[in-house]
Amino acid sequence: MKLASIKSGRDGRLLVVSRDLKRALPATTVAATLQQALDNWKEIAPRLADLAEQVEQGSVQTVRFDEYECLSPLPRAFQWVDGSAFLNHVELVRKARNADMPPSFWTDPLMYQGGSDSFLAPHDPILIPDEEFGIDMEGEVAVITGDVPMGITAADARSCIRLVLLVNDVSLRNLIPSELAKGFGFLQSKPSSAFSPVAVTPDELGEAWDGGRLHLPLNVDLNGNPFGRANAGVDMTFDFPTLIAHAARTRPLEAGSIVGSGTVSNKDQAGGPGRPVDEGGLGYSCIAELRMIETIRSGSPSTPFMKFGDRVRIEMKDKNGHSIFGAIEQEIRKHG
């Protein structure tokens, strides 16, 4: 089934959405919000699935689904942690500054804990005070979990995945170095993220979902032009169950926790850094990766970060070309 949260108060109002993203049915008779459904998933999920089946059969009166009226599926969450599962991206970051990749990076996932109290709606603008902060998008896949016990194994963590969705994990690249230099992680350099209008249960993804990875291209467009087409199931060193187990190593995760993949990134077919889409490559899911490759090749980056008025669109389509999650489409605007 596909679920969304229409704008209504802080936590939205839960909708069941048709597979073609054209129709919706309010789910308030079953659960008022997505968080309420996740808190009682064993009881609520079958009832939501029944509503979803009625929507597909046309046996209930529905309303037109408008993703522009949606909040992120969880407008705020108790937990948002983001991994860096695509080590091609990490390797390029370090190579651009002449740093080796520590061996532990291949066995122990990188992860940061982000702010989760103010997610952006998928079509709301990204408000930033200053262009000089180095505004960048990061196209990612994420999962929403049920309750996850502390110390869970990766094998058992598969059963904790409730929903899959897309993310724009906005980054302010020029603020990152000084924050990391303090040795205490991200804060100001990681403003509010945005999630796709719709979150889907893994069964909706069919053979594209293998239980831990989503094997479909992530479409990232910048100002209407193709920027990235990297496959989210390729070059993902750590799958989602592994990321969930990593996050829960020393504490449980509550239902409604969101775990991100990190920037989707593929190597070129020849095994080297990826090439731009307009050169026949799969492109990139963030500007920083292109700038890293430019630095490696010519000594300095030439592509600027985003400016006020720029637009980013992040979407994933099934093998028949139909949008699965709806689109994240946002314009960069000046705050204040």
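Contact is taken as heavy atoms within 4.5 Å. Helices (H or I, at least four residues) and strands (E, at least two) are DSSP runs, numbered from the N terminus. The model is predicted: local features need pLDDT of at least 70 and side-chain atom pairs count only at pLDDT 80 or more, whereas totals for chains, interfaces and linings use all residues. Residues are numbered from 1 along each chain as its sequence is written, and side-chain values use heavy atoms, with hydrogens and water left out.

Helix H6 (residues 240–247) is mostly covered, with 6 of its 8 residues buried (under 20% relative accessible area, with exposed meaning over 50% and partly exposed in between; 1.4 Å probe, protein chains only). The buried residues of H6 are Phe240, Pro241, Leu243, Ile244, Ala245 and Ala247. They pack against strands S6, S7, S10 (139–145), S11 (161–168) and S17 (258–260), and against helix H4 (154–157).

Strands S6 (80–83) and S7 (111–113) also contribute to the largest pocket, as do helices H3 (87–96), H5 (176–181) and H7 (287–298); each of these elements supplies at least two lining residues. A pocket is an open set of points on a 1 Å grid over the protein atoms alone, where a 1.4 Å probe fits, with protein on both sides within 12 Å along at least five of seven lines; lining residues have an atom within 4 Å of a point. The volume of the largest pocket is about 1000 Å³, where a volume is the space filled by probe spheres set on the points, with grid points joined across faces, edges and corners. Of its 35 lining residues, Val93, Arg173, Ile176, Leu180 and Phe186 are the closest to the centre. H3 gives the most to this lining, with 5 residues. By class, the lining of the largest pocket comprises 16 nonpolar, 10 polar and 9 charged residues (nonpolar: Ala, Val, Leu, Ile, Met, Phe, Trp, Tyr, Cys and Pro; charged: Asp, Glu, Lys and Arg; polar: the others, Gly among them).

The second largest pocket holds about 350 Å³ of space. It is lined by 16 residues, and Glu204, Asp318, Lys319, His322 and Ile324 lie nearest its centre. This lining has 5 nonpolar, 3 polar and 8 charged residues.

Asp136 belongs to strand S9 (residues 135–136) and counts as buried because its relative accessibility is 0%. Its side chain reaches the backbone nitrogen of Ile287 at 2.8 Å. Beyond neighbours within four places in sequence, Asp136 is in contact with Val170, Ser171, Arg173, Cys286, Ile287, Ala288, Phe305 and Met306.

In a regular strand the side chains alternate between the two faces of the sheet. In strand S15 (residues 219–222), Asn219 and Asp221 point one way and Val220 and Leu222 the other way, and all are buried. S15 runs antiparallel to strand S18 (residues 311–315), with 4 bridges, and to strand S16 (residues 225–228), with 3 bridges; pairing requires at least two DSSP bridges. Val220 stands opposite Ile314 in S18 and has Gly228 as its bridge partner in S16. The hairpin of S15 and S16 has 2 residues between the strands, and Asn223 takes a positive phi near 55° there.

Pro75 lies in the loop between strand S5 (70–71) and S6 and is buried, with a relative accessible area of 9%. Pro75 and Ile6 are 69 residues apart in sequence, with a C-alpha to C-alpha distance of 9.7 Å. Leaving aside neighbours within four places in sequence, the contacts of Pro75 are Ser5, Arg10, Asp11, Gly12, Ser118 and Phe119.

Key: A polar contact is a pair of N or O atoms within 3.5 Å; within protein, one must be able to donate a hydrogen and the other to accept it, and residues adjacent in sequence count only if both atoms are side-chain atoms.
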